[in-house]
Amino acid sequence: MSAIYTTDEYGRPFIIVREQDKKSRKSGIEATKSHIMAAKTVANIVRTSLGPRGLDKILISPDGDITISNDGATIMSQMAIENQIGKLLVELSKSQHDEIGDGTTGIVVLAGALLEQAEELLDRGIHPIRISDGFERACKIAVAHLDKVSDVIPWSKDDTSDLFKCAKTSLGSKIVNKCHDQFAQIAVDAILAVADLERKDVDFELIKVEGKVGGELADTALVHGVIIDKDFSHPQMPKEIKDAKIAILTCPFEPPKPKTKHKLEITTVKEFEELQKYERETFETMVRQVKECGANVVACQWGFDDEANSLLLQHKLPAIRWVGGPEIELLAIATNGRIVPRFEDLSKEKLGSAGTIREMCFGTTNDNMIVVEHCANSKAVTVFVRGGNKMIVDEAKRSLHDAMCVVRNLVVDNRVVYGGAAAEISCSIAVEKEADQVSSIEQYAMRSFARALDVIPMTLAENSGLPPIETLSYVKSQQIKQGVWSLGVDCMDTGINDMKEQFVFDPLISKRQQFLLATQLVKMILKIDDVIVHRNDEQ
C-alpha cells in the first residue's frame, strides 16, 4: 500500500503518502564510483575492436537483423544500453562520428581509461573537482603537444598519394582490407570529385553509396553519375540511351483528380466512352508536351498505369517510374536539370542532360539498376558496393564512409599526426614531464591522464597479439632516447616501429577532437554526486 489514512489529535483526517518507497538514492563517492563502473563496462566491450587487428562484434536486433561490425559508433548505437551513464558514452561516440567520422572506438576506450584512473584517485581521497581540473590541464598540454608533433602533408588534385595513405590507415581495421588499395582510391576519388577546394568544404549529399548483394568486394566501383535502383517501366523500351535529355517530373502521368473526396457516377455507355476518350487525350497531351520540349527520357517520382506506359512505348519515350525523392534531387544535380512539378512548366531549359543512360542486369535474379553516366555536372558521384551477403555490403558501406570522412578532414585541414598510438605515447611523455613542474595536487590527476593515454598503445598491442607492457615500454623509451615522435606500436608486425615509414597517418583534427570530447565527458561524470531514481513499480 502506497498511502496511509490517519487523523491528527483533533480528529482531522489526513493521508501520509509513502513516496520514499518509490525512490532509490545514491550519493557522494558511491554514486561517482557506480557511474565509473558503468562507463568502464561499456568501454571494455569495444576495447577489443581497436586497431587494425581489432575483432568484430555480432549485434542482433529485436527483429532478428544481424549486424557484424568493428566500427565503434555502429556497435555503441546498436547496443540497448539502459544505464544513463552508458548512454552518455553512446552519445560520445555518436558526436565523434557525426563531427569527424573516424576514431569512434578510440574515443570510447580513452574515456573508459580516464574514468578508471579517476577511480584510483578517488580511492586516494582526492576530490572529484581537483581531478577534473587536473585532467583539463593535462588535456590542454596534450592538445598543444599534438600541434607541435603534427606534420603538414602536401596534396593536390594531381598528387593524391598522401590522401590515399591516410584512407588506407582508416580502412586497415575494416572488413574490406583485402581490397585495401581499391577502396582507399575510391574514397579519395569520390571526395575530390565533389570537394569545393576554394572553400575547403565537402558536401556528402552529392555522394551516394548504393549496395547490391552478389559479386565480390573487388567488383565495387565509383560511377561519375547516378545509380537508380529501378528499371525502365516497360520491358520493350531500349536498354541504353545516348545523349539523353531527361525530363524530371514530380507530377503523375494520369488525368487530374479533384483534391477533395470525389465520386463519379456513370450511367450510360456513352458517358463511359467519353471518360475513356478524355483519359486517352490527357495522356496524349502529356506525352506530346514531354516530346515537344525535346526530352527523350522521363524520370517520374510517381507511378503510371499500363495505358500511359504503352503510350510512352508507342512514342519511343523510355520512362523510369517511382524514383525516390533523394534520387530525384541527386539526378537533377548531376544532370543540371530542373525538377518540374507540372507538365505545363516543361521547357527545353529545364531538361537534364547525360552522355548515357543504361540498364544494368545482375545475375539470374532479373534484378536491374539504371546508371546515368557522363552527366553535365560531374559533381555528383555514386559508389556502387558489391559483396557476398548483406552484412558484408553494409559493413563495406560503413568502412567506405569512415575512409571518405578521413579524406574530407584532410581537405579541410591537411595536418596529420602519426598513428599506431605514436601521438598518444608522445602526448603521455609531454604530460608526465609537465606534471613534474606542478606543485599542487593536480599533478596526480595529470600523471593519471598520461597513464590513461598509455592504455591506447597497450590495447593496440594486446589486440595485435603482442605483449602490451613490454611493447609500450620499448616504444616509449625509444621515443625519449631518439626524440622521434613518429614511433608507435607495430601492429602489423613489419619490424618497423616508425609510423612515418609505414605511412600510418591520422588527421590532426580527429585526434584533437578525441582528447577534448573524452576529457569533457569524464569531467561531467565526475561532477555528478547524487542519483535519485523514481521507480514506476510499487514495492
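The model is predicted. A search of the whole structure turns up 1 cavity of 30 Å³ or more.

**The cavity**

- The largest cavity has a volume of about 50 Å³.
- Its lining includes Lys40, Ala43, Asn44 and Arg47.
- Val109, Gly112, Ala113 and Glu116 also line the largest cavity, and so does Val455.
- Two helices each supply at least two residues of this lining: helix H1 (28–47) and helix H4 (104–123).
- By type, the lining residues divide into 4 nonpolar, 2 polar and 3 charged.

**Background on phi**

- Most residues other than glycine have a negative phi.

**Asp243**

- Look for Asp243 in strand S12, which covers residues 240–249.
- Is Asp243 buried or exposed? Asp243 counts as exposed because its relative accessibility is 59%, and the cut-off for exposed is over 50%.

**His374**

- His374 sits in strand S17, residues 367–375.
- Why does His374 count as exposed? Its relative accessibility is 57%, and exposed means over 50%, so His374 qualifies as exposed.

Terms used
Residues numbered from 1 in each chain as written. Predicted model: local features only at pLDDT ≥ 70, side-chain atom pairs only at ≥ 80, totals over all residues. Heavy atoms only, no water. 1 Å grid on protein atoms, 1.4 Å probe; cavity = no way out; pocket = protein on both sides within 12 Å on 5 of 7 lines; lining within 4 Å. Points joined across faces, edges and corners; volume = space filled by probe spheres on them. Helix = DSSP H or I, 4+ residues; strand = E, 2+ residues; numbered from the N terminus. Nonpolar A, V, L, I, M, F, W, Y, C, P; charged D, E, K, R; others polar. Buried < 20%, exposed > 50% of the residue type's maximum accessible area, 1.4 Å probe, protein only.
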